[in-house]
Amino acid sequence: GQCVEQHGAGEAYLPVLEALGRIGRAPGGEQFVAILHQHAPTWLVQMPALLAAEELETVQRRVVGATRERMLREMVEAIEALATHRPLVLWFEDLHWADASTVDWVAAVAQRGAPARLLMIGTYRPSDLSLSGHPLRAVKQELVAKGQCKELWLPFLSAEDVAHYL
């Protein structure tokens, strides 16, 4: 999922929805959609391209009145269910631009208690977290302190490195 710099309210969970939509559209995505039907219907409604119109209407009726907390709990359960069937790697770019809901989701998934074959990778600019007071900074510090994540510092690229890359 790609986090994008937003200049306004923005959509909650946008990079998560992007990543999960890709899983649902990939070969074998039917299994993921079935898991969402069972464990996370509030998320399935947010990805209408994964459903036929009549299916979408049925799921929408099931989730009327759902809360933000329910959405968070449902997706943690769905990720655990998916990762019991096969290894799952989730990659999020530019988390320094993530909305607060996405950061809460990352924290909830990272701190889950059930064993799962899950690897979550996130990139961010440390300077942007420090300067903006972004909530990811506190989440990252807590996860590191609990041994629930590892941080890999990458050095800045030199002009020669950039030239070689290009």
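## Largest pocket

Strand β2 supplies the largest share of the lining of the largest pocket, namely five residues. The model is a predicted one, in which local features need pLDDT of at least 70, side-chain atom pairs count only at pLDDT 80 or more, and totals for chains, interfaces and linings use all residues. Residues are numbered from 1 along each chain as its sequence is written, and side-chain values use heavy atoms, with hydrogens and water left out.

The volume of the largest pocket is about 1200 Å³. On a 1 Å grid over the protein atoms alone, a pocket is an open set of points where a 1.4 Å probe fits, with protein on both sides within 12 Å along at least five of seven lines; lining residues have an atom within 4 Å of a point. Grid points are joined across faces, edges and corners, and the volume is the space filled by probe spheres set on the points. The lining comprises 31 residues, of which Gly122, Thr123, Tyr124, Lys150 and Leu152 are the closest to the pocket centre. Two or more lining residues come from each of α6, β2 (118-122), α7 (126-132) and α8. By class, the lining holds 21 nonpolar, four polar and six charged residues. Here Ala, Val, Leu, Ile, Met, Phe, Trp, Tyr, Cys and Pro count as nonpolar, Asp, Glu, Lys and Arg as charged, and the others, Gly among them, as polar.

## Overall fold

The protein chain has nine helices and two strands; these are DSSP runs numbered from the N terminus, with helices being H or I of at least four residues and strands E of at least two. From the N terminus on, their order is α-α-α-α-α-β-α-β-α-α-α. The C-alpha trace spans about 55 × 35 × 35 Å along its principal axes.

## Helix packing

Helices α6 (residues 100-110) and α8 (residues 135-145) pack at about 10°, and their axes are 10 Å apart. Axes are lines fitted to C-alpha atoms, for helices over the stretch in contact, and angles run from 0 to 180 degrees between N-to-C directions. The two helices α6 and α8 are therefore roughly parallel, with angles under 35 degrees counted as roughly parallel, over 145 as roughly antiparallel, 65 to 115 as roughly perpendicular and the rest as oblique. From α6, Val103, Ala107 and Ala110 meet Pro135, Leu136, Val139 and Leu143 of α8. This contact consists of seven nonpolar residues, with no polar and no charged ones.

Helix α1 (residues 14-25) and helix α2 (residues 29-39) cross at roughly 125°, their axes coming within 6 Å; α1 and α2 are therefore oblique to each other. Leu20, Ile23 and Gly24 in α1 meet Gly29, Phe32 and Val33 in α2, a set of four nonpolar, two polar and no charged residues.

Lysine 140 lies in helix α8. Apart from neighbours within four places in sequence, lysine 140 is in contact (heavy atoms within 4.5 Å) with Tyr124, Cys149 and Glu151. Its C-alpha atom is separated by 9.2 Å from that of lysine 150, ten residues away along the chain.

The structure holds two aromatic pairs. Rings of Phe, Tyr and Trp (its six-membered ring) pair if their centres lie within 6.5 Å, and planes under 30 degrees apart count as stacked, over 60 as edge-to-face and the rest as tilted. Phenylalanine 92 and tryptophan 105 form an edge-to-face pair, 5.8 Å centre to centre with 80° between the planes. This pair links strand β1 (residues 88-92), which holds phenylalanine 92, to helix α6, which holds tryptophan 105; the two residues are 13 apart.
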